[in-house]
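Subject: Structure for your files

Hello,

Please find the structure below, followed by notes on what was found in it.

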Amino acid sequence: MADTVFFVAVGIAVLALLLSGIRFALGPWAVDRTVALDAMTILATSLIVAFALLSGRRIYIDVAMVYGLVGFAGVVAVARYLEGGL
Amino acid sequence: MAGIIGAFVSLIGALFFLLAAIGLLRMPDALNRMQAGTKATTLGSILFLFGIGIMQPDYLGRVFILVVFIVLTNPVSSNALARAAHANRKRIGAVLSPDALADDEARIAAGDRGTAGTKEATHGA
């Protein structure tokens, strides 16, 4: 029961990641692509933690933390570049 | 029992992720997409990660640190994205009728170094 519901939740999260990827590919301007990249970073962080639970290795939570840090720094750097302040 | 509760909390978080992705696809311009894509993913990641923490209580400490990190950093990146969209407002096609940030920038460029936001801004008629 719990495993089935959790697999459905992971599937919905992967579907949301794919839809954000469609916006990343379509987005008419660079700002739209960066917004989609921000959402994809949060989704990938959550999915790495879900993979840590499914595979039973808690070291992947540290991987998710580092990925969230790097993704945040990347999004802020690209946004400052688009603003013209970098 | 805890596994079922955690799985349903994760399912609610994943539904917020799906709402955020639909908002990213369907909203008309970059500012609306930023609004839909960052707020809903913040709430969705809180629920999704705490659901995993309820299912596996060994992970709860690190998941709590990760949730605090996401809650602190996602509004910062959202603010930077909003300012980037505002700097490109001629191109993204957004309707910005009362634009206080542009008024402040114009006033500062005109040489008024007073405190921003204290004067009554003359918003569009």
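How many helices and how many strands does chain A have? Chain A has three helices and zero strands, where helices (H or I, at least four residues) and strands (E, at least two) are DSSP runs numbered from the N terminus. Its pattern along the sequence is α-α-α.

This is a predicted model, in which local features need pLDDT of at least 70 and side-chain atom pairs count only at pLDDT 80 or more, while totals for chains, interfaces and linings use all residues. Residues are numbered from 1 along each chain as its sequence is written, and chains are lettered from A and ligands numbered from 1 in the order in which they are written.

Confidence
The model has an ipTM of 0.91 and a pTM of 0.85. For chain B the average pLDDT (the predictor's confidence in each residue, from 0 to 100) is 85, and 90% of the residues score at least 70. Within chain B, H1(B) has the highest confidence, at 92, and helix H4 (residues 89-92) the lowest, at a mean of 77.

Chain A
The radius of gyration of chain A is 15 Å, well over the 12 Å that the globule rule gives for 86 residues, so chain A is more spread out than a compact globule. That radius is taken over C-alpha atoms, and the globule rule is 2.2 Å times the number of residues to the power 0.38. The C-alpha trace of chain A spans about 50 × 25 × 15 Å along its principal axes. Of its 86 residues, 42% count as buried. A residue is buried if 20 or more other C-beta atoms lie within 10 Å of its own, exposed if 12 or fewer, and partly exposed in between, with C-beta atoms placed from the backbone.

H2(A) has 26 residues, which should span 38 Å at 1.5 Å a residue; its end C-alpha atoms are 36 Å apart, which agrees. The expected span is 1.5 Å times one less than the number of residues. Just after H2(A) comes Gly56(A), with a positive phi of about 80°.

H3(A), with 25 residues, reaches 37 Å from its first C-alpha to its last, close to the expected 36 Å. Gly84(A) follows H3(A) and has a positive phi, near 100°. Among the buried residues of H3(A) are Ile61(A), Ala64(A), Phe72(A) and Leu82(A). The buried residues of H3(A) pack against H2 of chain A together with helix H3 (60-87) of chain B. Val70(A) also lies in H3 of chain A, but counts as exposed because it has 11 C-beta neighbours inside 10 Å.

Between the chains
The contact takes 41 residues from chain A and 47 residues from chain B; two residues are in contact if their C-beta atoms, placed from the backbone, lie within 7 Å. On the side of chain A that touches chain B, helices H1 (2-26), H2 (30-55) and H3 (59-83) each supply at least two residues.

The largest nonpolar core has 56 residues, and those touching the most other members include Ala13(A), Val49(A) and Phe17(B). Such a core is a set of buried Ala, Val, Leu, Ile, Met, Phe, Trp, Tyr and Cys residues joined through C-beta atoms within 7 Å. H2(A) gives the most to this core, with twelve residues. Leaving aside neighbours within four places in sequence, Val49(A) is in contact with Ile61(A), Ala64(A), Leu49(B), Ile52(B), Val63(B) and Leu66(B).

Regards
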